[in-house]
Each structure stands twice: as structure tokens, then as C-alpha cells.
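Trainee: I would like a close look at one part of this protein. Please keep to a single element and then set it in its surroundings.

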Amino acid sequence: INAEYGETSTGTIAGPIVSDTTELQALMENAAHTRPIDEICAELGLKDRFKGLDDDVANQRVDEDGGNDLADAARPCPAFLCCLLPCLNNTARMVEFREQIPRDAYRLWANRRAGGKVEPQLLEASGVVRGDVLLLGQVEGCHAAEDCFKIAADCVIFECSPDFKMDRTPLRADLGTVPGSITATDDDPLKSGNTGLLGTNVVSGSAKAVVVAIGVKTQWHRIKYESKKDS
């Protein structure tokens, strides 16, 4: 994708919204976390990362990508069987899904009804799209704290407090706790401090991050579900 863009003195990215989603869907696989954050924002149609994704772009993204949902992937059977065999909802995979995948999330949002005032917006995690700016950890204005401490999608961090840390053991036991960073600390996105990963937890501090992968495109899906299919 060769979208041209520029940056204003306020950090606003000017540039076209990219309609070809092939590269965008592979951002995390292609080490997006090692690329300049302005470049990522431009490709995702995020004009100003300090104001959040425009509603029109977010709605378009929902149509392109579908929902940020792994419920079907976590089930050991077709969804319609759960009505007949509810015990299948209590397999280890489904229990892990309910405990670790957040139901809600906070994103940065410019409220048009309030004259474009930028504020946290609570939404269902399944409604998160690529280009959204997630608010993670101890964030002012987030009233339901648990919704900020579980990460709802794979994202690249562009702002974090000095004490920001993430626990990645829910994703893979050997990953441990990772200090946050606004630059890549490892070529591997699973180990780098500037990535937030679906299903992992914020231990301390706060951060803002741009979503680059949702649902079946996340590391959680690849490690928890795809790898088990192949084994």
C-alpha cells in the first residue's frame, strides 16, 4: 500500500483511507510494531490518534472486517448444539475464553454531540475495529476498571506511563510480564513492550494503543486455536 500522508503540528495524519485490506489484515504478522506509528495510523485511516477513529471510518471497518469475536472459534462444536448440549460451554477452552476475553472495552472517541470533545467511550469488545484507539489500564474517565485492564484486541502502543506493565501468561505461560514501551523492544510482537495482545492483562499504569488486528487475525486465535488444529 503506497498511501501518501503527512503530519501536522498537532499530530494529525492527513491521507486517504486505504480500501485494500490485504496488507492491513497482516499488520501484526508483518511486524507492524516495528514500523513508525504515523505510518500505521495513515494506513488504518486514523487521522488523529489523539482523537480516535472517525465514526464513518469505524462503521466502514465493521462492514469490511466483521466483529471482533472469538466465541465461535472457542466452541468445541457448532453454536446450535450449545442449546442441546450446554455442558460443551464448560470445556476448558470455553472457560478460558469467558475468563480472559473481555466483554467490553474503552476507546478514545470524539463526541460530535459535545462539539467533538474527546472522551472515553465504553463499547462491547466485539465492536472494536482496526484503527480504534484503546485505553488501557488506569485511565481517567473509565468507570468500570476491569474493562481497561483486559486487552480487547491486538494493538500497537503509542503512549504509556513509566509504570505500565502487561501480564502475557494467559496467552502463553513463558511470556511472563512485559514492561510497556512506545517503541519496539523485540522483533517478536509476543515479546515486544509496544504491543498489546488480546486476552492479556494490564498489571499497572496506563496506555493508549492503536488496534491493528481483531478476532481471528489476533495472536490469541493463532496460538490458542490455529496451533491446536495443526497439532
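Which strand do bridges join to strand 5, and how many bridges are there?

Mentor: A word on the model comes first. It is a predicted model, in which local features need pLDDT of at least 70, side-chain atom pairs count only at pLDDT 80 or more, and totals for chains, interfaces and linings use all residues. Residues are numbered from 1 along each chain as its sequence is written, and side-chain values use heavy atoms, with hydrogens and water left out.

Strand 5 is joined to strand 11 (residues 206–213) by five bridges, and the two run antiparallel. Strands here are DSSP runs of E with at least two residues, and helices are runs of H or I with at least four, numbered from the N terminus; two strands pair if DSSP finds at least two bridges between them. Within this pairing, G137 stands opposite S206 of strand 11. Strand 5 covers residues 133–137, and five of its five residues are buried, so the rest of the structure largely encloses it. Buried means under 20% relative accessible area, taken with a 1.4 Å probe and protein chains only.

Of its 231 residues, 48% are buried. Among contacts (heavy atoms within 4.5 Å) with a separation of 6 or more, 64% are between residues 24 or more positions apart.

Methods
Buried means under 20% relative accessible area, exposed over 50%, partly exposed in between (1.4 Å probe, protein chains only).
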